[in-house]
Amino acid sequence: RRRKKKEREKKEKGDGGGHRRKKTLTGWDYMVNEVKASWLGALNSTTDITSQINFNYGKTIVVDKDFLLTANTQIKKIVYAGGKIYTNSNITITIDEIEDTKETLWVLNSGNSIKLIQDWVRPDWWGDITETLNFSENALPDLGGTIYLSNKRYKDNFHRAGLVGQYKCFTKDNVRIIGAGMPSSDHNYTKLIDGTGSIIDGMLLFSASGSYNEGFGVDSGIDYLNARNSGVVVPAEIGEGILSGPPNLVDYTKVPTNITFGNIVGLCARPNDPVHSFMLGENVEQVKTFGTVKGIYGQHGIVIKCASVKCERVESYCNGQDGIIFKSGTDLRNKVSGVNIETAYTNANGELGKTPHMLPTSTDSMGVFFNNNSTMSDIIIGKLESYGYYHPIRFDSNAMSSISINIAIGICSFTGKGKTLAGSVGLNFIKGKYKNVLINTLEVINVKTALASAL
């Protein structure tokens, strides 16, 4: 009896390969938990095994051969094993889980919708096509999740700001984008270098709350712009870097909150293009950065047009109009207040060791610009450094209060390359009312006037 009991227990345990046996009227049969696509008749991209897949719902599908899905399908789990899943147009595929892989798993068609139960996704699964980050965001559950990027370049997602029906952007709340690291630019700022981190071609617009972003770069550099649109920028669409705000940047029906950026770079094409390399926030609330966030080229580098901002280090380079701008508008949500920055650094001539393919030429360029159309208050900056701009630091305000800068350094080495430039002002208070503006240490070099005030 003991021997028979052990034999029965061994049969029930199965063969150790994911297969469990059960007692039936005719004897012992395998209850298969994994099914290879080839077992279901999969041969190539035209083999339709939709009905077989649906019949085997609850089992793991091992994609060892290419096959086709032609109707709505539910799959418990997918394991990549060298094959690809092709799809007909306008179908929805719901998947509980996809085992981790960086290989291309899907060949999607127009109107397809992938819905994941698991809370993470890789754009790599959709192949070397455009809009892989859009597909990834749409695939995540409604409550959000994580998009993991590889150390590679991803094609354009065609983001653009605009009115309803015109914009394209990230809109799902609580989505994290985790890259393989902030990439480096080439020596003359024409592109981000493949293999140095995660790179996304073209503008990205973040219009969702709880957005967390780390370790990647957006490449809208001159090489990208020439290939995409013959070198022509389209503001709010082609040539922009990273933008954070409502889809049309002035629509307050949904105000994004709690947005985080860390170790990210936005590269634009030229200094005087009317675009932003890195807008931390416009009409948003609660923005946080960690590590370094960096904006290169474009008229505007690092842009802050919102309240409740906390940053470790912000950097900008070769911006045609202003390297770092704090700008308050007339709406409550784009008034600059509650800003705390440990280090703010901007340089019109680029980073050490770089030879930019184009430099700013405007004699009205500003390194750091406090531009206020209404009110601006409660700004704390530990160290502010501005190099190479015609006007290193400028205040232009209707009403400004409670501004504290511990150390401010402004050096004008604009086209004069170390010469004193007529009209240049190190620290310039243009107009308006100022209250409780404190700068503990101020150093300005190579300017016509060190400190000017028209209070």
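Trainee: What does the accessible surface of the protein come to, and what share of it belongs to carbon and sulfur atoms?
Mentor: The model is a predicted one. In this model the accessible surface of the protein comes to about 19500 Å². Carbon and sulfur atoms account for 48% of that surface.

Trainee: How many of the residues count as buried, as a percentage?
Mentor: The protein has 455 residues, and 53% of them count as buried.

Trainee: And how many helices and strands are there?
Mentor: The secondary structure comes to four helices and 30 strands.

Trainee: What share of the contacts comes from residues 24 or more positions apart?
Mentor: Among contacts with a separation of 6 or more, 61% are between residues 24 or more positions apart.

Trainee: Now the strands. What is the order of the open sheet of three strands?
Mentor: The order is β5-β7-β9, and the pairing is parallel. Strands β5 (67-69) and β9 (106-107) each have a single partner strand, so one side of each lacks a neighbour in the sheet.

Trainee: How many bridges pair β7 with β9?
Mentor: Strand β7, residues 85-87, pairs with β9 over two bridges in the parallel sense. Tyr86 has Val107 of β9 as its bridge partner.

Trainee: And over how many bridges do β25 and β27 pair?
Mentor: Strand β25 (residues 376-387) and strand β27 (residues 399-411) pair over ten bridges, in the parallel sense. Met376 stands opposite Met400 of β27.

Trainee: What joins β27 to β29?
Mentor: Eleven bridges join β27 to strand β29 (residues 433-445), and these strands run parallel. The bridge partner of Ala399 in β29 is Lys433.

Trainee: Why is helix α3 described as largely enclosed?
Mentor: Helix α3 spans residues 132-139, and six of its eight residues are buried, so the rest of the structure largely encloses it. The buried residues are Thr132, Leu133, Asn134, Ser136, Glu137 and Ala139.

Trainee: Which strands do those buried residues pack against?
Mentor: They pack against β10 (113-116), β11 (120-121), β12 (145-148), β13 (153-154), β14 (175-178) and β15 (198-201).

Trainee: Changing topic, how many disulfides does the structure hold?
Mentor: The structure holds zero disulfides. For Cys311, the closest cysteine sulfur is that of Cys306, at 8.7 Å, which is too far for a bond.

Trainee: Is Cys311 buried or exposed?
Mentor: Cys311 is buried, with a relative accessible area of 1%. Cys318 is also buried, and its relative accessible area is 0%.

Trainee: What is the count of salt bridges?
Mentor: The count comes to 16 salt bridges. In one of them the side chains of Arg228 and Asp156 meet, at 3.0 Å from N to O.

Trainee: Which parts does that pair tie together?
Mentor: Arg228 belongs to helix α4 (residues 222-229), while Asp156 is in the loop between β13 and β14, so the pair ties together parts that are 72 residues apart in sequence. Arg228 is partly exposed, at 28% relative accessibility, whereas Asp156 is buried, at 6%.

Trainee: How far apart are the closest N and O atoms of Arg313 and Glu315?
Mentor: They are 2.5 Å apart, in a salt bridge. Arg313 is partly exposed at 26% relative accessibility, and Glu315 is buried at 8%.

Trainee: Which residues are linked in a network of salt bridges?
Mentor: The network links Arg153, Asp194, Asp201 and Asp219. Another salt bridge brings together the side chains of Asp273 and Arg270, at 3.2 Å from N to O. Asp273 is buried, with a relative accessible area of 8%.

Technical notes:
Residues numbered from 1 in each chain as written. Predicted model: local features only at pLDDT ≥ 70, side-chain atom pairs only at ≥ 80, totals over all residues. Heavy atoms only, no water. Pairing = 2+ DSSP bridges. Disulfide = S-S within 2.5 Å. Buried < 20%, exposed > 50% of the residue type's maximum accessible area, 1.4 Å probe, protein only. Contact = heavy atoms within 4.5 Å. Areas by Shrake-Rupley, 256 points an atom, 1.4 Å probe, with all protein chains shown as cover. Salt bridge = Lys/Arg side-chain N within 4 Å of Asp/Glu carboxyl O.
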